[in-house]
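Here is a short briefing for a first look at the model.

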Amino acid sequence: MKSAEAKSHAEKLPRLTATVSRSNPIDKLLIGILSLFRFYINLLQVFTQFFFGLIRLRSHEFRYTMETVVHQIIFSGIDAFYVVGAIAAMVGGVVMVQLIAFSTMFESEAILMQILVSIIIRELAPLLTSLILIARSGSAIAIELGVMQLKHQDDTLDGMEIDMIQFFHVPRVIGLTFSNMILVGYFVIITLGSALAISLFREGIYMGPMLANFIDALKLSDILVCIIKAGILGMVIALVCIYHGSQVKNSTTEIPQQTSQALVNSYLLCYKFTVAISVVAYLVQ
Amino acid sequence: MIELKSVSYRSDSLEVNNLSFHLNAGETAVILGPNKSANSAFLKVCMGAHPISKGEVLFDGGALVKYGSDADMWRKICFISHEPALLDNLTVMQNAGLPLSYHLGWSEEQIFEKAEPVLKEFGLLHVARDFPSQIGKDDAKITQLARAAILEPKALLFDEPAAGGLNPEIFLRILGAFKYFQAGGTAVLFTTSSPSLAAAMKIPCYLFVEGRVAEIMEAHESPFPEIRDYVARIRNQAKQQSMAASTFFDRISAV
């Protein structure tokens with residue numbers, strides 16, 4: 001019933017392309033430009049639905065939702081430990097090998113450590129964990145929602161006055177947001193551990209001074225930017241995959257189509273948000 | 001119990017104007033109409049889940065308010081969709097108890113205690129721990145009825161029980177379920193496009209054709225030509241079926 005209300009609201013939304021003619025080249029261009037924005041408008045709508053779904057949760061519904069959030073975090077954040085760990089160890093090793101190779105260009109090990117912290121904590125960790133999250137959980141969300149749409153399970157929930165947004169969207173968005181933060185935590189620890197371990201193979205480098213340099217290089221702003229990025233990217237992945245999953249209407253062939261679109265758009269948006277957040281962070285500093 | 005007073009609404013395929021309908025408490029009735037006559041939308045209007053442009057829908061004498069103002073409406077009216085759509089990641093027991101766990105925070109043990117006798121009554125206890133992919137469509141359909149029975153609603157609205165085919169066994173199980181609801185004082189309203197199902201139920205039958213509604217006994221005198229045409233059509237169909245059946249049985253006797 002709640003989704004019936006949501007549908008009626010959606011029908012009232014202005015249709016951007018309704019008043020322009022498709023034969024006119026200027027109109028065609030306009031339609032093209034508007035359709036570029038339409039994806040973002042739709043995404044904003046999914047976010048708004050999520051937000052209002054979250055604040056409308058009543059106490060028992062909130063408890064049920066939180067149970068689902070925990071399941072989502074276990075699948076997306078905890079079960080991905082081995083994949084993330086393996087990738088993090090390799091990334092840490094590769095980055096450190098490269099830094100050592102060019103270390104003669106740096107005046108001191110402190111600068112080397114500053115670069116390592118900036119590259120790994122600020123940039124690589126949130127982005128790479130997001131890519132893993134897209135592949136593991138984003139695809140699962142898009143497919144699950146597509147199948148639910150196809151089997152009219154949203155109608156079934158509607159019949160029980162269970163709001164699809166509160167039942168499905170809210171736990172997925174919260175779950176992926178926190179999962180990405182957890183994944184980033186693993187990733188940073190394992191990557192830095194692996195980088196420090198590799199650096200020990202270089203002559204004249206000792207663990208004590210390296211750790212001291214690392215602690216000196218690490219700033220609160222680095223950690224904050226990393227956490228904010230991880231949270232935002234996790235949320236963006238969930239919203240994009242929910243949007244594409246809910247676009248499945250009539251046929252099973254729409255599920256793989258929407259899933260692949262969900263993955264591609266998630267990748268693109270993750271890169272865009274990473275750049276945007278980095279730029280804002282450096283400007284603020 | 002449920003009363004539609006001069007209601008106007010729009011569904012995907014139909015515009016309905018000034019529709020009035022009444023279902024008494026504890027009554028079981030069927031709405032018979034041709035395929036794609038927007039029966040689902042009609043049932044959703046009855047439960048206040050479909051927007052109306054005019055008129056009012058009353059439940060238990062009071063105006064049926066929008067979702068949110070009556071937090072317990074999900075217990076009072078149960079709607080069963082024509083698709084046996086259970087949630088794939090929940091077992092039959094969890095599916096049946098979903099409204100209780102979601103809205104009231106019941107534990108699995110509490111749900112089992114409440115649901116066990118109902119599942120037994122509906123012949124589902126042996127599949128209670130199975131997932132929807134492990135059970136048949138018939139059991140899935142009955143699970144939806146069991147879910148409604150667990151909630152002990154005042155009204156049950158069932159959209160097309162015959163969807164996806166109705167073999168004699170499932171027909172008897174649905175009939176048994178309706179009797180269970182009747183015994184509990186629940187009003188049952190279901191829609192179908194199958195005249196034989198409506199006839200076999202031996203309950204009050206209303207025709208719903210192109211947004212017009214009429215009681216079947218008065219349908220031939222209906223002021224609406226759509227209703228009279230539909231009656232003539234189903235009467236003709238019934239005659240043809242009856243002739244075909246008698247020819248078939250004559251052949252068997254000859255053998």
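**Lead points**

The side chains of Glu15(B) and Arg10(B) meet in a salt bridge, at 2.6 Å from N to O. A salt bridge here is a side-chain nitrogen of Lys or Arg within 4 Å of a carboxyl oxygen of Asp or Glu. By this rule the count comes to 11 salt bridges over all chains.

This is a predicted model, in which local features need pLDDT of at least 70, side-chain atom pairs count only at pLDDT 80 or more, and totals for chains, interfaces and linings use all residues. Residues are numbered from 1 along each chain as its sequence is written, chains are lettered from A and ligands numbered from 1 in the order in which they are written, and side-chain values use heavy atoms, with hydrogens and water left out.

- Helices (H or I, at least four residues) are DSSP runs, numbered from the N terminus.
- Asp139(B) is buried, with a relative accessible area of 13%; Arg173(B) is partly exposed, with 22%.

**Arg172(A) and its surroundings**

- Arg172(A) forms a salt bridge with Glu144(A), with the closest N and O atoms 3.3 Å apart.
- Arg172(A) sits in helix 7 of chain A and Glu144(A) in helix 5 of chain A, so the pair links parts that are 28 residues apart in sequence.
- Arg172(A) is buried, at 8% relative accessible area, whereas Glu144(A) is partly exposed, at 28%.
- A polar contact of 3.5 Å joins the side chains of Arg172(A) and Gln72(A).
- A polar contact is a pair of N or O atoms within 3.5 Å; within protein, one must be able to donate a hydrogen and the other to accept it, and residues adjacent in sequence count only if both atoms are side-chain atoms.
- Gln72(A) is found in helix 3 of chain A and counts as buried, at 10% relative accessibility.
- Beyond neighbours within four places in sequence, Gln72(A) is in contact (heavy atoms within 4.5 Å) with residues including Ser137(A), Pro171(A) and Ser179(A).

**Where chain A meets chain B**

- The contact takes 26 residues from chain A and 25 residues from chain B.
- The two chains bury about 2400 Å² between them, 58% of it on carbon and sulfur atoms.
- Buried area is the accessible area (1.4 Å probe) that two parts lose on being put together, summed over both.
- Across this interface the rule finds 8 residue pairs in polar contact, both residues at pLDDT 80 or more.
- The rule also finds 1 salt bridge across the interface: Lys151(A) pairs with Asp88(B), with the closest N and O atoms 3.1 Å apart.
- On the side of chain A that touches chain B, the largest share, 5 residues, comes from helix 6 of chain A.

Definitions and conventions: Helices (H or I, at least four residues) and strands (E, at least two) are DSSP runs, numbered from the N terminus. Buried means under 20% relative accessible area, exposed over 50%, partly exposed in between (1.4 Å probe, protein chains only).
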